[in-house]
Amino acid sequence: MRTSGAARIGQYTALLGYLVFLAFPLLWLISIAFKPPRELGSPHPTWIPENPTLDNFRQAFDEQPLLDAALNSLVAALGAAVVAVLIATPMAYVMARRRTLLSRAATGWVVVSQAFPFVLVIIPLFLVLKNLRLIDSVPGLIMVYVVWALPFALWMLVGYVRAVPTELEEAAAVDGAGRVRTLVSVIAPLLAPGIVATALFAFITAWNEFFFALVLLKTPEKQTLPVVLTHFIGAEGVADLGPLAAAAFLATLPSLVVFAIIQKRITGGMLAGAVKS
């Protein structure tokens with residue numbers, strides 16, 4: 001019992017340390033966002049601002065087109081989420097129900113593709129978009145985001161599909177429903193929580209993405225929010241710390257809200273279908 005109690009204390013201590021490690025950047029970001037310039041240059045920084053101010057937020061909106069950039073990010077993220085779900089849902093249904101060598105190979109490819117670094121795929125994607133004349137365009141960026149989000153969306157939705165009893169499809173077949181009708185009228189409504197979670201995950205991924213947007217978008221008016229945040233850093237690498245922290249905090253809020261909504265459903269999607277009923 002003593003060993004078990006000591007192990008549990010060690011586990012909770014490690015968990016607490018990990019939570020502090022994760023929370024520190026966000027808390028420090030919030031602290032900087034509300035500090036006036038005098039406190040930002042202080043040799044003795046404090047967690048809680050002595051004289052909180054909103055000047056950093058006003059300066060951030062005055063210096064950079066944050067609203068336009070946020071709109072670009074919103075369009076790209078929503079477009080990627082919708083298209084990824086529309087493609088992934090029927091594909092996940094086929095992969096979950098057709099236990100063939102091809103479906104197993106596709107599932108393995110989905111898992112392996114998650115290990116590909118950005119640099120490995122950016123050149124082929126750039127050439128494809130160049131031939132399609134979609135460089136420096138939001139639709140081209142949406143296409144890239146769909147390609148990047150599709151593997152994980154498939155992985156999540158396959159788990160949800162496998163959790164749906166096959167008896168429901170058999171009953172629909174007896175009533176004369178074909179595969180498409182069964183998917184649309186029977187399976188899709190039951191997958192609604194998983195589809196929503198998958199769409200929100202794709203949204204978060206696209207909203208926070210920086211590398212592809214930096215490479216593919218050159219016109220300032222088309223740039224997304226993560227790219228515009230880099231404009232607060234001068235040519236010599238000196239950051240306008242207060243406005244940068246304020247803008248970064250605002251850019252982080254949608255991701256925090258969306259992830260708080262879907263974090264339980266993401267876990268459910270990973271575990272769904274893992275245990276046979």
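Which side chains meet in a salt bridge? In this predicted model, where local features need pLDDT of at least 70, side-chain atom pairs count only at pLDDT 80 or more, and totals for chains, interfaces and linings use all residues, the side chains of R58 and D55 do so, at 2.2 Å from N to O. Residues are numbered from 1 along each chain as its sequence is written, and side-chain values use heavy atoms, with hydrogens and water left out. A salt bridge is taken as a side-chain nitrogen of Lys or Arg within 4 Å of a carboxyl oxygen of Asp or Glu. By this rule the count comes to one salt bridge. Side chains of opposite charge can pair when their charged atoms come close.

R58 and D55 both belong to helix α3 (residues 55-63) and lie three residues apart, about one turn of the helix. An α-helix has 3.6 residues a turn, so residues three or four places apart point the same way. Accessibility is classed as buried under 20% relative accessible area, exposed over 50% and partly exposed in between, with a 1.4 Å probe and protein chains only. R58 counts as partly exposed because its relative accessibility is 47%, and D55 counts as partly exposed because its relative accessibility is 41%.

The chain contains 13 helices and zero strands; helices (H or I, at least four residues) and strands (E, at least two) are DSSP runs, numbered from the N terminus. The C-alpha atoms fill a box of roughly 75 × 65 × 30 Å, taken along the principal axes. Of the 277 residues in the chain, 38% are buried. Contact is defined as heavy atoms within 4.5 Å. Among contacts in the chain with a separation of 6 or more, 70% are between residues 24 or more positions apart.

An unreviewed UniProt entry lists residues 12-34, 74-96, 108-129, 141-161, 182-207 and 244-262 under "transmembrane region". UniProt positions are given in the numbering used here, feature names are shortened, and annotations may be inferred rather than shown by experiment. In the model, residues 12-34 are 96% helix and 0% strand, with the end C-alpha atoms 32 Å apart. Residues 108-129 are 82% helix and 0% strand, with the end C-alpha atoms 27 Å apart.

Helix α6 (residues 118-131) has 14 residues, which should span 20 Å at 1.5 Å a residue, and its end C-alpha atoms are 20 Å apart, in agreement. The expected span is 1.5 Å times one less than the number of residues in the helix. The buried residues of α6 are V121, I122, L125 and L129, and what covers them includes α7 (138-162) and α11.

The loop between α6 and α7 holds R133 and D136. R133 is exposed, with a relative accessible area of 77%, whereas D136 is buried, at 18%.

E209 is located in the loop between α10 (192-208) and α11 (211-216). For charge assignment, Lys and Arg count as positive and Asp and Glu as negative, while His and the chain ends are not counted. E209 is buried yet has no salt bridge, and the nearest side chain of opposite charge, K218, is 12 Å away. With neighbours within four places in sequence left aside, E209 is in contact with F118, Y145, T224 and P226.

V164 is placed in the loop between α7 and α8 (166-174). V164 counts as buried because its relative accessibility is 7%. Not counting residues up to four places away in sequence, V164 touches R97, I187, L190 and L191. The C-alpha atoms of V164 and V174, 10 residues apart along the chain, are separated by 17 Å.
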